[in-house]
Amino acid sequence: MIALGSDHAGLPLKREIIALLERMGLEYKDYGTYTEDSCDYAVFAQRAAKAVASGECERGILCCGTGIGISIAANKVPGIRCAACSDCYSAKMTRKHNDANMLAMGARVVGGELGQMIAEIFLTTDFEGGRHQRRVDQIAAIERGETLG
């Protein structure tokens, strides 16, 4: 299950992502928004991120105007590693090296076709583990308030 969230600016891109998920045969849950009325991205970032952090959803995709604000909000939820990506290489590497569990994109930055390509790469790329696991563990340690090195 894929968690989805967007604000009003990200809604058109989220609709493109829904079309992709349906073509891929992936189940999703949309945590809003559902209209183009002005709203605050943090509300929808938190809803979707909590679903991923709890295990209700395996991964999540968020959309706002730039992808930046909604990713910052999602990353405040413990257990979330959300990367704002606007290119395919970054989406691939954040899965391979960072085990990102959420992707954020900006509807004003990427168009629908590129957004679908980025999302598909994010959803189909596996975490490499190995030396990268140590770094993901360090991120979790920081989240728990531990001091590194």
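Burial, then. In this predicted model, buried residues account for 47% of the 149 residues in the chain.

How does the radius of gyration fit with a compact globule? For 149 residues, such a globule would come out near 15 Å. The chain has 14 Å, so the two agree. Next, the extents. The C-alpha trace spans about 45 × 25 × 25 Å along its principal axes.

Now contacts along the sequence. Take the pairs in the chain that are at least 6 residues apart. Of those contacts, 69% join residues at least 24 apart.

Secondary structure. We have six helices and five strands. Read from the N terminus, the order is β-α-β-α-β-α-β-α-β-α-α.

One helix pair in detail. Two packed helices are described by the angle between their axes and the distance between the axes. Our pair is H1, residues 11-24, and H5, residues 112-124. Their angle is about 50°. Their axes lie 9 Å apart.

Which residues meet? From H1, we have Leu13, Glu16, Ile17, Ala19, Leu20, Leu21, Arg23 and Met24. Facing them from H5 are Gly112, Gly115, Gln116, Ala119, Glu120, Leu123 and Thr124. By type, this contact has eight nonpolar, four polar and three charged residues. Glu16 and Arg23 in H1 and Glu120 in H5 are the charged ones.

Key
Residues numbered from 1 in each chain as written. Predicted model: local features only at pLDDT ≥ 70, side-chain atom pairs only at ≥ 80, totals over all residues. Heavy atoms only, no water. Axes fitted to C-alpha atoms, helices over the stretch in contact; angles between N-to-C directions. Helix = DSSP H or I, 4+ residues; strand = E, 2+ residues; numbered from the N terminus. Contact = heavy atoms within 4.5 Å. Rg over C-alpha atoms; globule rule 2.2 N^0.38 Å. Buried < 20%, exposed > 50% of the residue type's maximum accessible area, 1.4 Å probe, protein only.
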